Amino acid sequence: PQSPLCLHSLGLAPSSSKGITNVLFNSSLQVNILPSFGFLFDIDGVLVRGKTPIPAAKTAFQKLVNSQGQFLVPVVFVTNAGNCLRQKKADQLSHLLGISQDQVMMSHSPLRMFKRYHEKCVLVSGQGPLLDIAQDLGFCQPITIETLREKHPLLDVVDHERRPNVLVSIYFSVVLFGEPVRWETNLQLIIDVLLTSGYPGNPYHHENYPHIPVLACNMDLMWVAEAQSPRFGHGTFMVCLENIYKKITGKDLKYEALMGKPSKLTYQYAEYLIRAQAAERRWKQPIQTLYAVGDNLMTDVYGANLYNRYLEENSRKGSKSRIQAKVAGGRGSLASAAAARCRSVLVCTGVYNPHTEVPLDTRETITEAVFHGHRDFRFDPGLVEPDHIVPDVDAAVDLVFQLENFAPN
């Protein structure tokens with residue numbers, strides 16, 4: 001059984017009834033030298049705050065690698081960030097240890113599987129090297145909001161000095177990578193594309209519903225950087241887009257796919273990457289347990305618990321579902337989910353505020369103010385209760401090694 005530490009000595013008062021977890025190493029169990037588990041680490045708020053490393057992260061990583069710098073267990077870094085390439089995110093973590101881009105999963109990584117959109121002209125929204133990101137994912141004809149604005153200057157009334165351009169493009173889908181810099185321009189032009197069925201510049205046609213496909217990455221309402229309070233995330237931008245669309249049309253904005261935590265698709269793709277690492281290292285032990293370490297109740301914890309529920313349902317039904325999509329690079333379709341469970345581990349170094357209570361009655365009016373998850377994910381109090389709460393990522397690694405009786409050579 002789990003025994004909570006003294007919360008007052010840690011200065012913590014977690015809302016979860018499970019509390020801060022402290023597990024003693026059980027010497028009566030067989031010590032495992034090969035991993036039957038893997039880590040899914042969030043980055044912002046767990047390993048870094050903005051560009052500043054969290055001190056516990058370096059200590060944690062020293063426990064995860066051997067003297068040759070090889071990981072002792074399969075590890076995937078699952079971030080909801082989407083404004084850079086995987087390699088850049090891996091490079092940003094180089095102050096901790098050498099990380100391969102194959103270990104980094106951005107919010108947009110599952111887009112590699114949506115090949116039916118790769119050959120078509122798609123409008124991409126966000127910031128950073130969007131064209132490089134889109135092309136790396138397999139999109140052949142990505143067009144940015146900036147290019148659309150240049151082609152249709154009359155649609156963007158912010159700058160009256162832009163000269164008209166008669167070039168016309170037909171957009172078959174919209175891909176939302178992350179929050180943009182100029183929200184008003186992106187909101188306006190995305191609405192234009194949706195309400196004209198991909199022909200911006202044409203009159204609106206409200207009867208064209210459902211609209212062209214929208215694929216969205218990263219649903220985080222807020223995220224933590226160096227500021228003392230959380231900052232708006234892509235989820236906030238999506239809230240604006242959804243409400244503008246509904247205010248104009250009276251209908252709900254529909255998503256073809258939602259990626260990034262807490263999406264089940266994200267965790268299934270992450271499990272695929274975990275198993276690929278284990279296979280590459282020729283570890284024979286099946287990966288039975290995933291430990292998702294994060295700082296956000298509504299993304300990291302909710303997503304891990306949601307995926308655990310999915311794994312349990314699959315086990316009860318005696319069947320395994322498969323992602324019916326091809327992965328870029330010719331590796332074929334993703335294998336069925338094989339893990340038995342996914343455990344959520346909450347750290348107190350990021351967004352999570354241990355002094356905030358989560359309402360247990362979903363009918364309370366306060367629920368809407370507390371639930372920071374995306375509109376399409378129903379609030380379930382059980383899904384935002386972490387399996388374990390620890391002070392930081394170093395304590396998370398210690399906890400998992402103790403739970404698994406893991407003592408590598």
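A contact here means heavy atoms within 4.5 Å. Among contacts in the chain between residues at least 6 apart in sequence, 74% join residues at least 24 apart. Keep in mind that this is a predicted model.

**Whole chain**

Start with everything displayed. The chain has 409 residues, and 53% of them count as buried. Colour by secondary structure: there are 11 helices and 19 strands.

**The largest nonpolar core**

Select Leu 40, Leu 111 and Phe 177. These residues have the most contacts inside the largest nonpolar core, a set of 40 residues. The strands are E6 (75-78), E8 (121-125), E11 (214-217), E14 (257-259) and E15 (289-294). The helices are H4 (130-137), H8 (264-280) and H9 (297-317). Which element gives the largest share of this core? It is H8, with eight residues.

**H8 against H9**

Now show side chains. From H8, select Lys 264, Tyr 267, Gln 268 and Glu 271. They meet Thr 299, Asp 300, Gly 303, Ala 304, Tyr 307, Tyr 310 and Leu 311 in H9. By class, this contact of H8 with H9 has five nonpolar, three polar and three charged residues.

**H6 against H7**

Move to H6 (residues 183-195) and H7 (residues 234-249). The axes of these two helices come within 10 Å and cross at roughly 45°. H6 and H7 are therefore oblique to each other. The crossing of H6 past H7 is right-handed. On the H6 side, select Trp 183, Asn 186, Leu 187, Ile 190, Ile 191, Leu 194 and Leu 195. On the H7 side, select Thr 236, Phe 237, Cys 240, Leu 241, Ile 244, Tyr 245, Ile 248 and Thr 249. How many residues in the contact of H6 with H7 are nonpolar, polar and charged? The contact has 12 nonpolar, three polar and no charged residues.

**Tyr 352**

Finish in a loop. Tyr 352 lies between strand E18 (341-347) and helix H10 (367-370). Is Tyr 352 buried or exposed? Its relative accessible area is 5%. Buried means under 20%, so Tyr 352 is buried. Asp 295 and Tyr 352 are 57 residues apart along the chain, yet their C-alpha atoms are separated by 5.4 Å.

Definitions and conventions
Residues numbered from 1 in each chain as written. Predicted model: local features only at pLDDT ≥ 70, side-chain atom pairs only at ≥ 80, totals over all residues. Heavy atoms only, no water. Axes fitted to C-alpha atoms, helices over the stretch in contact; angles between N-to-C directions. Helix = DSSP H or I, 4+ residues; strand = E, 2+ residues; numbered from the N terminus. Parallel < 35°, antiparallel > 145°, perpendicular 65-115°, else oblique. Left-handed = near helix turned anticlockwise from the far one by under 90°. Nonpolar A, V, L, I, M, F, W, Y, C, P; charged D, E, K, R; others polar. Core = buried A, V, L, I, M, F, W, Y, C linked by side-chain atoms within 4.5 Å. Buried < 20%, exposed > 50% of the residue type's maximum accessible area, 1.4 Å probe, protein only.
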